[in-house]
Amino acid sequence: GGAVTEGNQSNAGDSGRGMPARALPPSVSEEATDRRAPDARIRGMLDALATADFETARGIALTLRHVFPENPVTHALVGFAASRLTEFKDAVLAYRGALYLDPGVPEVRFLLAVALEADGRIDRALREYRSALAALGSAPAAASPLFTSLGVPARDQLVAICRKKIVKNKQ
């Protein structure tokens, strides 16, 4: 309840990509919208995730996405926090936003598949597991340190998980 989704709009105008700008969560101060030092906010989100304070993590992620709407990582962070809150529809929307901005991040494609599966959309999840597997085949061996710090498995483990999901669902 009360989750900010892709459909929420503000009167702040256009974000420059034909999409309405997003309203800030009510608890966000003007200082939080400063475009400097996003790393401190990401660390704050990681700390909130580590202590299972998923509402705080989502608030930080939503603020980052508002301040940096062009950055796919901010969309992925919103998806990650939504997943931890078992709000899988919101997670799917956020991960799709991240992939729209940068379709070449296999970890996000994998996280989208997981969220789709958790939301009961098995056929779509399988398509994303296949897409993640294909993307992992052409990606460098090392993942972004951010995904590692979020606890996303290493790329070789993602390959094994995707293959297992695909084989399991063929039976």
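Trainee: Which residue just after α5 takes a positive phi?

Mentor: That's glycine 120, with a phi of about 85 degrees. Keep in mind that this is a predicted model, where local features need pLDDT of at least 70, side-chain atom pairs count only at pLDDT 80 or more, and totals for chains, interfaces and linings use all residues.

Trainee: Which residues other than glycine have a positive phi?

Mentor: Alanine 52 has one near 60 degrees, and threonine 86 has one of about 55 degrees. Alanine 52 sits in the loop between α1 and α2, and threonine 86 in the loop between α3 and α4.

Trainee: Why is threonine 86 called exposed?

Mentor: Check the cut-offs: buried is under 20% relative accessible area, exposed is over 50%, and partly exposed is in between, using a 1.4 Å probe and protein chains only. Threonine 86 has 56% relative accessibility, so it counts as exposed.

Trainee: Then what does threonine 56 count as?

Mentor: Partly exposed, because its relative accessibility is 36%. You'll find threonine 56 in helix α2, and its C-alpha is 7.3 Å from that of methionine 45, eleven residues away along the chain.

Trainee: You said "helix". How many helices and strands does the chain have?

Mentor: Eight helices and zero strands. Along the sequence, the pattern reads α-α-α-α-α-α-α-α.

Trainee: What makes α5 mostly covered?

Mentor: Ten of its 13 residues are buried, including Val108, Phe110, Leu111 and Leu112. The buried residues of α5 pack against α3, α4, α6, α7 and α8. Helix α3 is mostly covered too, with eleven of its 13 residues buried, among them His75, Leu77 and Phe80.

Trainee: Which residues have the most contacts inside the largest nonpolar core?

Mentor: Met45, Leu77, Tyr95, Val108 and Leu150, in a core of 43 residues. α5 gives the most to this core, with seven residues. A nonpolar core is a set of buried Ala, Val, Leu, Ile, Met, Phe, Trp, Tyr and Cys residues joined through side-chain atoms within 4.5 Å. In soluble globular proteins, nonpolar side chains tend to be buried together.

Trainee: What is valine 108 in contact with, leaving aside its neighbours within four places in sequence?

Mentor: Ala76, Tyr95, Ala98, Leu99 and Phe147. Contact means heavy atoms within 4.5 Å.

Trainee: And what is lysine 89 in contact with, leaving aside those neighbours?

Mentor: Asp119 and Arg121. Lysine 89 belongs to helix α4, and it is called exposed because its relative accessible area is 53%. Its C-alpha is 9.2 Å from that of glycine 79, ten residues apart in sequence.

Trainee: Why is tyrosine 100 called exposed?

Mentor: Its relative accessibility is 62%, so it counts as exposed. Tyrosine 100 is in helix α4 as well, and its C-alpha lies 8.0 Å from that of proline 72, 28 residues apart along the chain.

Trainee: What sits over the ring of phenylalanine 80?

Mentor: The charged end of arginine 84, 4.0 Å from the ring's centre. For a charge to sit over a ring, NZ of Lys or CZ of Arg must be within 6 Å of the ring centre and within 35 degrees of the ring normal. Arginine 84 is listed as sitting over the ring, and its 4.0 Å falls inside that 6 Å limit.

Trainee: Last one: what share of the chain counts as buried?

Mentor: Of its 171 residues, 41%.

Key:
Residues numbered from 1 in each chain as written. Heavy atoms only, no water. Helix = DSSP H or I, 4+ residues; strand = E, 2+ residues; numbered from the N terminus.
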